[in-house]
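Please look over the sequence and the structure before reading on.

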Amino acid sequence: MGKKKVYLDWVATTPVKKEVLEVMMPFWLEKWGNPSSLHSCGQEVRKIVEKTRKEVEELVRADRIIFTGSATESLNLVHKGLIEGLNKTDCLPEIITSSIEHKGVLETCEHLEKSGLAGVRYLRVDGKGKISMEELFGAIKKETVLVSLIWVNNETGAVQEIEEVGKKLKKVNGERKKRGWGKVWFHSDITQGMGYLDFDMKRMGLDLASMTGHKIGAPKGVGALFLRGSVSLVRQIDGGGQEAKLRAGTENVAYVMGLCKAVKIAFKGKKEKRERTEEIRDYLIDGLKKMEGVVVNGSGKEGAPHIVNCRVSGVEGESLAVLMSDEGVGVSTGSACSSGDLKPSHVLTAIGLKPEEAHGSIRFSFSEKISKKDVDYALESFSRVIKKLKRIRKGIK
Ligand SMILES: Cc1ncc(COP(=O)(O)O)c(C=O)c1O
């Protein structure tokens with residue numbers, strides 16, 4: 001009999017849902033026209049894409065959805081596109097973001113800083129991974145053009161109070177208008193929140209939000225930018241006039257349809273899904289806390305339902321992940337995109353971990369599909385692996 005396999009890396013990616021695949025299939029073999037073509041073969045597809053886009057816009061309360069190839073592309077479009085779309089003045093525009101953003105934001109901001117196009121202020125976070133409202137609102141100045149905050153952190157599961165920021169920012173913008181100052185736009189990387197937390201652009205006061213399909217049961221290689229209001233962006237991919245002239249290139253229709261279906265599914269029964277996943281998270285945390293030398297990092301039970309990060313004293317996260325994989329359990333040492341990077345995780349150091357503690361950390365991430373039996377198996381494997389690594393460290397076979 002094969003070894004049991006437990007996939008606990010749902011933050012890295014999720015399997016495509018059967019219903020999502022079913023919605024996608026006709027767009028390869030039957031409705032394969034180019035939506036920009038004027039003949040019926042293309043126009044039939046255009047109608048379906050636009051109807052579906054509208055349905056999702058209504059669901060998330062966005063005025064417009066721009067389909068992209070990934071969340072990363074959406075993040076690039078927001079940050080670079082917004083800065084490039086500003087009327088040129090003598091002042092250097094400023095972006096306020098947090099120190100625990102995904103690399104898609106951090107590297108884009110760094111690019112803007114290095115190119116001399118924007119200044120960037122990186123907010124600190126506390127031990128639970130939360131920004132301080134005081135620091136954020138104290139940092140806003142005349143030159144500030146964008147506040148960009150990750151909703152659910154992909155490494156620790158810390159959840160930022162996006163709605164509260166949105167409400168406060170609305171007031172700030174009211175005052176700025178009276179002074180004749182420009183608006184501070186509000187963006188969030190909602191990639192890891194979409195599947196579990198209530199999302200509503202209007203209620204949360206967001207002007208822009210970025211997401212990707214493969215974290216919620218759609219394929220890899222399709223993402224979206226949700227827009228509300230009149231923000232002006234300069235597109236980052238030049239060419240044809242697709243996606244309201246904000247993203248050139250023929251739409252990947254099947255994938256776009258898959259992403260839309262996955263968003264619709266995510267909106268159904270979210271509360272039950274969240275509660276069930278929280279139960280699994282708490283069960284896992286309780287199990288980890290009973291293990292000697294294991295410490296849960298960051299927000300723990302106050303964080304997102306599907307992410308738990310922990311550290312083990314005296315062992316390497318990489319070795320833990322490799323030996324866990326030998327046990328049939330898939331876990332991660334950080335975000336999949338940055339693993340292989342020898343630097344300690346910027347998120348874990350930002351919440352106050354020492355480099356060696358960050359190196360000894362691993363992330364469990366899951367979904368409502370994971371059972372307590374799966375967690376029991378993962379915990380038993382974890383315990384075996386830790387003992388093995390400690391024995392190796394002491395030179396005992
Ligand atoms: C919070 C967050 N933002 C952005 C991304 C990037 O998504 P993609 O690889 O689809 O561009 C990820 C993926 O790990 C993520 O977790």
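In this predicted model, helix α11 passes helix α15 (residues 372-393) in a right-handed crossing. The two helices pack at an angle of about 25 degrees, and are therefore roughly parallel to each other, since angles under 35 degrees count as such. On the α11 side the contact is made by I280, Y283, L284 and G287, and on the α15 side by K372, V375 and L379. Sorted by class, the residues of this contact of α11 with α15 are five nonpolar, one polar and one charged.

A second pair is formed by helix α4 (residues 71-84) and helix α5 (residues 103-114), whose axes cross at roughly 30 degrees. That angle makes α4 roughly parallel to α5. The crossing of α4 and α5 is right-handed. From α4, the residues A71, T72, L75, N76, H79, K80 and I83 take part, and they meet G104, V105, T108, C109 and L112 of α5. The contact of α4 with α5 divides into six nonpolar, five polar and one charged residues.

Two packed helices are described by the angle between their axes and the distance between the axes. The table gives these values for both pairs.

| Helix pair | Angle between axes | Distance between axes |
|---|---|---|
| α11 and α15 | about 25 degrees | 10 Å |
| α4 and α5 | roughly 30 degrees | within 9 Å |

Helix α4 also holds L77. Is L77 buried or exposed? It has 25 C-beta neighbours inside 10 Å, and because 20 or more are needed, L77 counts as buried. Apart from neighbours within four places in sequence, L77 is in contact with T68, L225, L233, Q236, L246 and R247. R247 is 170 residues away from L77 along the chain, yet their C-alpha atoms are separated by 8.7 Å.

The last element described here is helix α10 (residues 253-267), which has 15 residues. At 1.5 Å a residue α10 should span 21 Å, and its end C-alpha atoms are 21 Å apart, so the two values agree. Twelve of the 15 residues of α10 are buried, which means that this helix is largely enclosed by the rest of the structure. Among the buried residues are V253, Y255, M257, L259, C260, K261 and A266. What covers the buried residues of α10 includes the helices α1 (18-24), α2 (26-29), α3 (40-60) and α11 (270-289), together with the strands β2 (64-68) and β8 (223-227). After α10 comes G269, which has a positive phi near 60 degrees.

How values were computed
Residues numbered from 1 in each chain as written. Predicted model: local features only at pLDDT ≥ 70, side-chain atom pairs only at ≥ 80, totals over all residues. Helix = DSSP H or I, 4+ residues; strand = E, 2+ residues; numbered from the N terminus. Expected span 1.5 Å × (residues − 1). Contact = placed C-beta atoms within 7 Å. Axes fitted to C-alpha atoms, helices over the stretch in contact; angles between N-to-C directions. Parallel < 35°, antiparallel > 145°, perpendicular 65-115°, else oblique. Left-handed = near helix turned anticlockwise from the far one by under 90°. Nonpolar A, V, L, I, M, F, W, Y, C, P; charged D, E, K, R; others polar.
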